[in-house]
Structures are given as C-alpha cells and as structure tokens.
Amino acid sequence: MTVLRIALSELVGMFIDDGSLATLCLILILVIAGAVEFLALPPLAGGLLLLIGCLAILLYSVRRAVKR
Amino acid sequence: MNSLTPILSTVTASFLGSFVEVVEAFTIVLAVGVTRSWRPALTGAALALAVLAVLVLIFGPLLALIPIETLQFVVGVLLILFGMRWLRKAILRSLGVIALHDEEAAFSKETAALQAQSTDRRADYLAGLAAFKAVLLEGVEVVFIVIAVGGAHGLTLYAGLGALAAFVLVMLIGLLVHRPLSTVPENTLKFAVGLMLTSFGIFWTGEGIGAHWPGEDLALIAIFAIVSLASYAIIRAMRGNPTAKAAQ
C-alpha cells in the first residue's frame, strides 16, 4: 500500500508542483476551450491565446517564486 | 505525416526526457548495487520493468479506442502541466532560486540511507525495494513521455525508440564509467525537455480545440522558438531583479 501511495503521489507530482501554476494553466485552457466551443472564437485564435497565456502564466509564476 | 519534422521532434523530445529519468533511476540502482549487492539492485529493477511492461500492455491498446481529437486535447493539457512544471523549475534553477539537481548528492544520500539499514535483517529486501521504487517511478514518467509525445500523432513507435535509445545510452555510459552520471548536464537537458514538452502541449491542445496551425507540423518549431525566446527573456529580466540576484 505504501508503494502504491508513493506511486500515486509521484504521479500527481508529475503534473502539479506549484499549485497555482497548474490551476492557472487549467483555467486558461478551460476558458479558451469554452470560448471556441460556445462563443465562436476561431480555433487558431484560441491556439495563439493559449501560447501567449502559457507564457504569461510562466512569467507570473517565476516572478512569484523569485519574490518568495 | 507529410514531413520529417514531427518524427524528429518526437524522437528528440522522447530521447531527452527519458534520458533524464533513466539517469535518475540509474543513480539509485547503482547506489543499491554498490552499497548492498547487485542481486537486490537488479531484482528490484527487473521487477519494476516487468510491472511497467504489464501496465503498457494493459493501457496501451485502450489509447487506440479514444478519438484522436480527444486524445490530442487530453494529452496536450497533461503535457502543458508537465512541461510548464519542468520549465518553471529549470528557469528557477538558472536564476539560482532553487538548487541544481546533483546526481552525486543523490547517490551519496541513497548510499547513506542504505548503510543505515545495513544491520536490519531485511536489508536486502529494503535495498531491492529502493531499486524497485526508483525504476517504477521514473519508468512511469518515461511511459507518460512516450505516450504523450508520440500518442497524439500516432508516433508512439518513434517515441518508444527515442526512449529505448536513451535507456541503452545511459546503461552503456554507466557500464563504462561505473559511477553516478554526475557529468551529464542534467539541468540543461531538463530545460530543453521543459521547452519541448510545453511546445508539444500547446501545439496539441490547439489541435484538440480544432486549430489548424499555419504550416501544419512546422508550427511546432515556431512554437518551440517562441517559448524558448520567452523563457530566455524571462531569465534575462529576472537576473536584473534584486531578489533573484540575492538568491544567486
């Protein structure tokens, strides 16, 4: 059971290290996917917004870690 | 596939990502082998590889049942989370905010822990378990990298070959130098892998929501270039930050 628990926590840790980084990325993806699906945002524009958004989140997350 | 671009980028991403993970697993198995004996080290590693093979055989065929756009979206999202995590850490390491990963230190730490357990009756079992855990956990990451960079474009075979090449190379270097692979520029590799995985993630999530990228697969190179330049700019900008300077 311990090995299984460690394996599960490692599996989650593969994707989530800094909680806010993962949360912001998921919110960005959901908002863009929702806008493409329900607000007729062109998919390519969604892809470009995803690129810009990810870089903005990266900058925010690094700045936050440096300040800490 | 209309060009070599996706194949080369898939093999490279899979190779580099797997190389880092195999080095980490190799360090622990080597520590177990040197400190205790090779029997528990190799038994633990072999058992973990067997478990990984069973997991791949069970879950691998299920991927074929998922519609390609759904697979691209799900794998893309996971890759963004996975890649951004690596990229953020690599940037913070470059800025001196978090410590560099040191295989020599990891080897010493594992060796000390095993020596502390040497009087325990179950020392061989604990040593084997350490090797098993290391290979299983790092192996799961290798399997994910292979599925993620290969699965969404039907290039799992090429991604698998990249991972296999990494495994063989680490084993060969390990057998030749017979010590932790501390000379491997692991943090530079992690930076490159973070850039590649993030780029793959953005590319596939975009395709998953229906985007037809200009230049098709060549857009991956453009995305990689933009993410690389932005990361470099973040490092340059943050190096001028007094807090980051103090951390260095």
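Reader: Which share of residues 189–206 of chain B is helix, and how far apart are the end C-alpha atoms?

Author: Over residues 189–206 of chain B, the chain is 100% helix and 0% strand, with the end C-alpha atoms 26 Å apart. Helices here are DSSP runs (H or I, at least four residues; strands are E, at least two), numbered from the N terminus. This is a predicted model, where local features need pLDDT of at least 70 and side-chain atom pairs 80 or more, while totals for chains, interfaces and linings use all residues. Residues are numbered from 1 along each chain as written, chains are lettered from A and ligands numbered from 1 in written order, and side-chain values use heavy atoms, without hydrogens and water.

Reader: Where does UniProt place "transmembrane region" in chain B?

Author: The unreviewed entry lists several stretches, including 70–87 and 189–206; such annotations may be inferred rather than shown by experiment. Residues 70–87 of chain B are also 100% helix, with end C-alpha atoms 25 Å apart.

Reader: What area is buried between chain A and chain B?

Author: Interface size is often given as the accessible area lost when the parts come together. Here, with a 1.4 Å probe and summing over both parts, about 3400 Å² is buried, 85% of it from carbon and sulfur atoms.

Terms used: Buried area is the accessible area (1.4 Å probe) that two parts lose on being put together, summed over both.
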